[in-house]
Amino acid sequence: MQLTHSQINFSKIIDYTALTSFIIGTVLLLFGLSFRSFGLIYFIGYFFVLIALAVNAVLLLITLSLLCIHWKNWYFYLKKALILCANIPVTVLYIYLIFN
């Protein structure tokens with residue numbers, strides 16, 4: 001499988017987006033658990049989840065569209081889609097930890 005320069009750049013965007021979402025979400029979780037009485041952390045966390053959901057959903061739709069268009073590189077695009085989806089169970093766990 002020969003990747004083009006744009007595919008490599010897109011791959012980096014997905015990797016950085018997934019990693020950044022995970023790191024920011026983890027930091028917000030730690031602040032939320034440390035300062036339970038400080039409501040601003042929950043407010044920021046709530047909006048972060050909404051923004052991260054929107055950004056990751058757009059990237060996932062683009063990835064799935066590219067998967068359909070460039071079917072010869074299906075493994076590459078499927079792997080990138082799974083990387084984007086990896087934060088979903090983490091987010092569910094974090095929300096569970098905050099509200100319990």
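Is H5 buried or exposed? H5 is exposed, with a relative accessible area of 62%. Exposed means over 50% relative accessible area, buried under 20%, and partly exposed in between (1.4 Å probe, protein chains only).

## Basis of the model

This is a predicted model: local features need pLDDT of at least 70, side-chain atom pairs count only at pLDDT 80 or more, and totals for chains, interfaces and linings use all residues. Residues are numbered from 1 along each chain as its sequence is written, and side-chain values use heavy atoms, with hydrogens and water left out.

## Overall fold

The protein chain has four helices and zero strands. Helices (H or I, at least four residues) and strands (E, at least two) are DSSP runs, numbered from the N terminus. Along the sequence the pattern reads α-α-α-α. The radius of gyration is 16 Å, well over the 13 Å that the globule rule gives for 100 residues, so the chain is more spread out than a compact globule. That radius is taken over C-alpha atoms, and the rule is 2.2 Å times the number of residues to the power 0.38.

The C-alpha atoms fill a box of roughly 50 × 20 × 15 Å along the principal axes. Of the 100 residues, 27% count as buried. The chain exposes about 6900 Å², and carbon and sulfur atoms supply 78% of it. Accessible areas come from the Shrake-Rupley method with a 1.4 Å probe; for residues, only the protein chains shown count as cover. Among contacts (heavy atoms within 4.5 Å) between residues at least 6 apart in sequence, 72% join residues at least 24 apart.

## Helix 2 and its cover

Helix 2 covers residues 39-69. At 1.5 Å a residue, its 31 residues should span 45 Å, and its end C-alpha atoms are 45 Å apart, which agrees. The expected span is 1.5 Å times one less than the number of residues.

The buried residues of helix 2 are I41, G45, F48, A52, N56, L59 and T63. An α-helix has 3.6 residues a turn, so residues three or four places apart point the same way. The cover over these buried residues includes helix 1 (5-34) and helix 3 (74-85). H5 is found in helix 1. H5 and T63 are 58 residues apart in sequence and 16 Å apart in space, C-alpha to C-alpha.

## Cysteines

The structure holds zero disulfides. A disulfide is a pair of cysteine sulfur atoms within 2.5 Å. The sulfur of C68 is 14 Å from the closest cysteine sulfur, in C85, too far for a bond. C68 is exposed, at 63% relative accessible area. C85 counts as partly exposed, at 26% relative accessibility.
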